[in-house]
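Please read it beside the sequence and the coordinates.

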Amino acid sequence: MSAPAGDLRQRRQRARNWALLTVLLGLVALIYVIAIVRMGGG
Amino acid sequence: MSDVAISVAADDAAEAGARIRDFVLLLKPRVMSLVVFSGFAGLMVAPGDLHPVLAAVAILCIAVGSGAAGAINMWYDRDIDAVMARTCARPIPAGRVDPNEAVSFGIVLAIGSVTLMGLAVNWLAAGLLAAAIAYYVLVYTIWLKRRTPQNIVIGGAAGAFPPLIGWAAVTGSVGLAPIALFLLIFMWTPPHFWALALYRAGDYAKAGIPMLPVVAGAGATKLQMLVYTVLLLPLGLAPWVLGITGAFYGLTAAVLGALFIVAAVRVLYDSGERAARQMFAFSILYLFLLFTVLILDRAPGLLGGTLT
């Protein structure tokens with residue numbers, strides 16, 4: 001594989017990892033808030 | 001930081017932005033806005049209280065579930081989307097998103113939204129959300145869309161689920177009022193889509209989709225559109241007749257329903273595309289205005305208290 005193609009793939013992988021991390025952190029925060037609300041009888 | 005590193009970081013950001021934009025487009029954001037709005041109306045009209053955080057979660061789940069169905073639909077329809085001018089720039093036919101990535105994305109979002117709805121709100125709302133997604137994907141997209149000109153009539157039920165889901169999220173049950181809202185959207189869908197299909201008939205014919213104007217011709221379609229708009233008028237009034245809204249809503253529904261019929265009559269006598277384009281635009285306005293008044297009517301201290 002040529003260097004630019006490998007570089008592009010690596011960049012895409014990095015972008016995907018950051019997006020996944022953001023989504024997972026958002027989901028953790030959301031489930032935490034839901035748990036607090038439901039435990040409070042909401 | 002060197003110039004090269006800054007340049008690579010900027011490229012990374014631009015690349016990530018473009019990728020995110022393509023994945024957002026897979027969710028059909030314009031369809032999603034109407035789905036979210038009608039779901040919110042169901043939530044507002046329902047008697048009872050739901051914690052604001054849980055209400056927001058319910059709306060989020062409806063939005064994500066709708067987007068998931070849209071992504072799976074785009075994956076399945078990628079061959080015909082590539083043929084039609086209206087859809088050829090979508091992320092999959094344009095080659096910007098891999099079909100396998102798109103369908104995986106859709107399935108993960110569908111499972112995630114239904115599970116979150118069940119755990120955070122209730123399992124009836126989750127079941128209805130799952131049914132809506134399955135109906136859109138299996139019944140409309142895979143079964144009916146390419147087989148019958150009644151595709152949008154039967155398949156349109158998928159888009160009518162959101163008020164039911166919103167109502168079920170608050171009450172944990174389904175009653176006559178949300179079924180009336182379901183029927184309202186169900187009856188609104190055919191004239192809405194056929195107005196679009198009238199001026200996109202060539203596109204649909206090229207892709208081999210048996211939309212009514214392609215199969216039965218413009219005249220028969222226009223007549224059926226008029227029939228549906230006439231049937232829609234009493235359904236628009238149903239929430240007022242059932243006593244879940246006040247007189248202001250009833251008046252608005254009557255005026256909007258009459259205007260929708262006028263639009264259908266204009267389409268019937270128009271040999272060009274202009275009236276059909278205007279009717280398509282008005283159909284979206286019709287639903288937005290009707291549900292806006294429905295929400296305002298139920299808001300404490302607003303219309304409901306003064307004009308009933």
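## Basis

The model is predicted: local features need pLDDT of at least 70, side-chain atom pairs count only at pLDDT 80 or more, and totals for chains, interfaces and linings use all residues. Residues are numbered from 1 along each chain as its sequence is written, while chains are lettered from A and ligands numbered from 1 in the order in which they are written.

## Chain A

Chain A has 1 helix and 0 strands (DSSP runs numbered from the N terminus: H or I of at least four residues for helices, E of at least two for strands). Of its 42 residues, 2% are buried (20 or more other C-beta atoms within 10 Å of the residue's own, C-beta atoms being placed from the backbone).

## Helix α12 of chain B

Helix α12(B) comprises residues 218-241 and reaches 35 Å from first to last C-alpha, close to the expected 34 Å (1.5 Å times one less than the number of residues). A kink of about 25° lies at Leu232(B), shortly before Pro234(B); the bend is the angle between axes fitted to the seven residues ending there and the seven starting there.

Buried residues of α12(B) include Met225(B), Leu232(B) and Trp240(B). Their cover includes α9, α11, α13 and α14 of chain B. After α12(B) comes Gly243(B), with a positive phi near 85°.

## Helices α2 and α3 of chain B

The axes of α2(B) (residues 29-45) and α3(B) (residues 52-76) come within 9 Å and cross at roughly 145° (lines fitted to C-alpha atoms over the stretch in contact, with angles from 0 to 180 degrees between N-to-C directions).

How values were computed
Buried ≥ 20, exposed ≤ 12 C-beta atoms within 10 Å, placed from the backbone. Contact = placed C-beta atoms within 7 Å.
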